[in-house]
Amino acid sequence: MGEHLTLLLCETKHRGAFEQAYVGFCKLTSRLWSFPDGSLHMIPRKWLKQTLEEIANYKRLCTTRRSAGVPFMIQALVCTELSVGGGSCFSSCMEELLALTRQEHTHSTEACTHALNILRALFRNSQLGEAVSCYVEASFITAMNMFKSSAWSERNAATLLLAALMTRVFGVPRTKGTALSWKNRMTGRIFFQRYPQLYGYLLTELRSVEASQCTVKPTIYPALLLLSRLYPSSLEGTDSNLKLDAFIPAITNCASSTVMKTRLLSARAIVSLVTPDIFVSHLKYLFTKIFDSTKENTTHGLLLQAIELLRSIPTLSDTDEDKLKQESEQWISHISKIFESKTLSNSLIVCSAYIVVLSLLHSKYVMKSNELWLRLGSQIEKHLFSTKKNSVGENEFAVAATDFLLEMMVKNVNQSQKCREKVAGLNIHLVCLLSHKLYEVKNKAFDFMLYLLKPYDDSDDCFDFGTPTSLLKDSILNSDVLSRMILSFFFSSKIHTQDFLKVLEVVTHHPKALTFVKKSGGLDLILDLCRSDNETTVCLALECLLKALHLMEPDSKADVSCYNLELICDIVVKNCSPESNLDYRIVITKWFNSESFTILPHLSDLNRLRLWNALMRLCCDEDLEVHAALFSTFCQVKTIHLFMSKFVIEETSDIVKMMALTAWTVGTFDLEIFNNEPDDKAFDSGELSATFEEPVLSAIAAGHLQNFLIENDKLMKTEIGEEFISWMASSCGIGALAIARTISDIGNIIETEISQKSAQLGTSYCNFLKPGFKTIVLSQIKMKNLSQYS
């Protein structure tokens, strides 16, 4: 049995197969290890020795799929030994695996790859716990050394081992992207107390960058990734001379690397190493080197480090804060002189880094005089519109320059008359940005308009400019030039789908642009978008369509004729159902709660009835966000009472009121479907409200209907149009209603249907536990009361 399982684990490449074999092999080895002595106890030790020999000699093993089942077999052998109280095999196994990975060893590439994959599996195994801690230091050095290997399989396995070690030491990543959680970091004092050999190793590798002048130094990447997770301790240097600040000069020298990834990693790593007491002096040192540098790579790397430091300024003393403000003014003046030179445009990557530095300094330390900033803005704008096409770093520069210019527009505006004159030129700047050849610039301009137009709480976090002033917003809203520019984008046939969605969102929040779209026949396009298959498109188009209804002039027949009100009614009714998207329902709810009733006089009685019924659906919606957008109260029963009380006094025809109240009283159920529905279809009935039962609605509606018929008893004999009867039949799910002509007929038909079906159910089915029976019984009672008025 053991030989069969070891054969499966060594030669099987299908993960599902060797995982199942691993389970059985663990049970077998655990049983064998549990024997105190003798030949059975020695069998797992023998298997482990044979496997390590096969790895060293590369027999019948394959390195594909991260060595497939071989790491699982080693895990089963060493973990089960530890679980029964042993550990000698585990120690010898770890030493043998580390020996296989040493560069001076003569074993093959395949053996080294197997060893790295097995080490990775062991460090990821939670059963080993602290047993592997004493091997972390040597494994870190091994993984970093394997980055220098000429074999791709070894380098790949080394990266996986390094990731496992990072997780073992610093924990599972708590954040996405490059930002690190404090839970995934450690003080340098604790780290180097645990792994002291890594201090000298990391320092040697970092210092070798400048000494070797090598284009690519592979070990730099893991070293910088590791250092970025360390930060100084308040007790650093008290019990050891292993200080983190010794790495600062070496990391600063990494800024001269010709590899951009090295420069980026060094910028992230240096942030946590610079303590508040040396922050200003080190930042001053960086800018001195930046202004003295003649090499673009060095300048760019140093700027990246300065950017990361400025983004995370620690709490400084008052003296250091004053020094930083004074130095900032000098740095800004010097950068302004650099922008005036003609050589800057040759390196757009460096130029974009300078702009980011200016933006950070501007956001934190704005000088009293704006003349320098205005001159800088003019110079950056000149570079933005004079850049040659397809230049290296063109996109990065365009984004940085656009961000800076937009920030200047916002932060330099106040309520003075002088600034009002400046705001007058804002529209010209936006038109220029929208006319730029690069997509990134246009996209930023649209984002900026949305930042100004949308409510501050609903806007995206694209800009950190604070709450926009009404002066800026009014400038955007009242501009005919911008409105016509938006109109041209709206009808452009060359625009990308994602860009068009951005334009559609701007049109939704820009009344003047929406008016231009309406007068140009754009409502038909918006109606088509409301029937799209893309949920984002439908949601934006629906919001835009309903905003366009707010602009309708009820007294102008020509303006009303621009709207296809019947189709709009169909779209609204369709998207109010519980099965529709939640975002659709929220958009329609907000419209119902604002100015929706202004279109009612222009609708037919049937469409009015459909809209009132759609609004009732939203009142019964189980989603709290929909309910909160419609009413201030969170009690649904009270909400329904308020809604029906308002409904019966609205200026709507009595036929509409009577049909709606009748439909809500009868409820929505299909007796044929109820009787014949198989048990396996119990969950296919749709997203009906789980918190609001239909009988509650029927009871409330029945009370309002009773009062309404007492005051209008003649309506019971009034003939009803066929379109209303068809709507009632489909709404209530009872086909027999098609022959009804009056409300009295509807009551008699409903009573007859319920009596017949209740008799068919029999007494054995008459219990309230059967799904839907409560609804039928209560509806029967309501309709018997209703039929008394006939």
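Modeller: Before we start, a helix axis here is a line fitted to C-alpha atoms over the stretch in contact, and angles run from 0 to 180 degrees between N-to-C directions. Keep in mind, too, that this is a predicted model.

Biologist: Let me step back. How many helices and strands does the chain have, and what share of its residues count as buried?

Modeller: The secondary structure of the chain comes to 41 helices and two strands. Looking at contacts between residues at least 6 apart in sequence, 70% join residues at least 24 apart. Out of 790 residues in the chain, the share that count as buried is 51%.

Biologist: Now H23. How far apart are the end C-alpha atoms of this helix?

Modeller: Helix H23 runs over residues 439-453, which makes 15 residues. At 1.5 Å a residue, H23 should span 21 Å. The model agrees with that, as the end C-alpha atoms of H23 are apart by 21 Å.

Biologist: Which helices are included in what covers the buried residues of H23?

Modeller: In H23, 12 of the 15 residues are buried, so the rest of the structure largely encloses it. The buried ones include Asn 443, Lys 444 and Asp 447 along with Phe 446, Met 449 and Leu 452. What covers them includes helices H19, H20, H22, H24, H25 and H26.

Biologist: Take H20 from that list. Which residues of H23 make the contact with H20?

Modeller: H20 and H23 pack at about 25°, with axes 9 Å apart. That angle makes H20 roughly parallel to H23, and H20 passes H23 in a right-handed crossing. On the H20 side, the contact is made by residues including Ala 398, Val 399, Thr 402 and Leu 406, and on the H23 side by Glu 440, Val 441, Lys 444, Phe 448 and Tyr 451.

Biologist: What classes of residue does the contact of H33 with H39 divide into?

Modeller: Helix H33 (residues 605-619) and helix H39 (residues 722-732) pack at about 25°, with their axes 10 Å apart. They are therefore roughly parallel to each other, and H33 passes H39 in a right-handed crossing. The contact is made by Asp 605, Leu 606, Leu 609, Arg 610 and Asn 613 of H33 and Glu 723, Phe 724 and Trp 727 of H39. By class, the residues of the contact of H33 with H39 are four nonpolar, one polar and three charged.

Biologist: Let's go towards the start of the chain. Which residue just after H5 takes a positive phi?

Modeller: Helix H5 has 14 residues (70-83), and its end C-alpha atoms are 20 Å apart, which agrees with the span it should have at 1.5 Å a residue. H5 is mostly covered, with 12 of its residues buried, among them Phe 72, Met 73, Gln 75 and Cys 79. Just after H5, a positive phi of about 105° is taken by Gly 85.

Biologist: Is Thr 665 buried or exposed?

Modeller: Thr 665 has its place in helix H36, residues 654-666. Its C-alpha atom is separated by 5.1 Å from that of Ala 701, 36 residues apart along the chain. A residue under 20% relative accessible area counts as buried. With a relative accessible area of 1%, Thr 665 is buried.

Biologist: And what does Ser 488 count as, by its relative accessibility?

Modeller: Ser 488 sits in helix H25. The C-alpha atoms of Ser 488 and Val 517, 29 residues apart along the chain, are separated by 9.4 Å. Buried means under 20% and exposed means over 50%. At 42% relative accessibility, Ser 488 therefore counts as partly exposed.

Notes:
Residues are numbered from 1 along each chain as its sequence is written. This is a predicted model: local features need pLDDT of at least 70, side-chain atom pairs count only at pLDDT 80 or more; totals for chains, interfaces and linings use all residues. Side-chain values use heavy atoms; hydrogens and water are left out. Helices (H or I, at least four residues) and strands (E, at least two) are DSSP runs, numbered from the N terminus. The expected span of a helix is 1.5 Å times one less than its number of residues. Buried means under 20% relative accessible area, exposed over 50%, partly exposed in between (1.4 Å probe, protein chains only). Contact means heavy atoms within 4.5 Å. Angles under 35 degrees count as roughly parallel, over 145 as roughly antiparallel, 65 to 115 as roughly perpendicular and the rest as oblique. A crossing is left-handed if the near helix is turned anticlockwise from the far one by less than a right angle, and right-handed if clockwise. Ala, Val, Leu, Ile, Met, Phe, Trp, Tyr, Cys and Pro count as nonpolar, Asp, Glu, Lys and Arg as charged, and the others, Gly among them, as polar.
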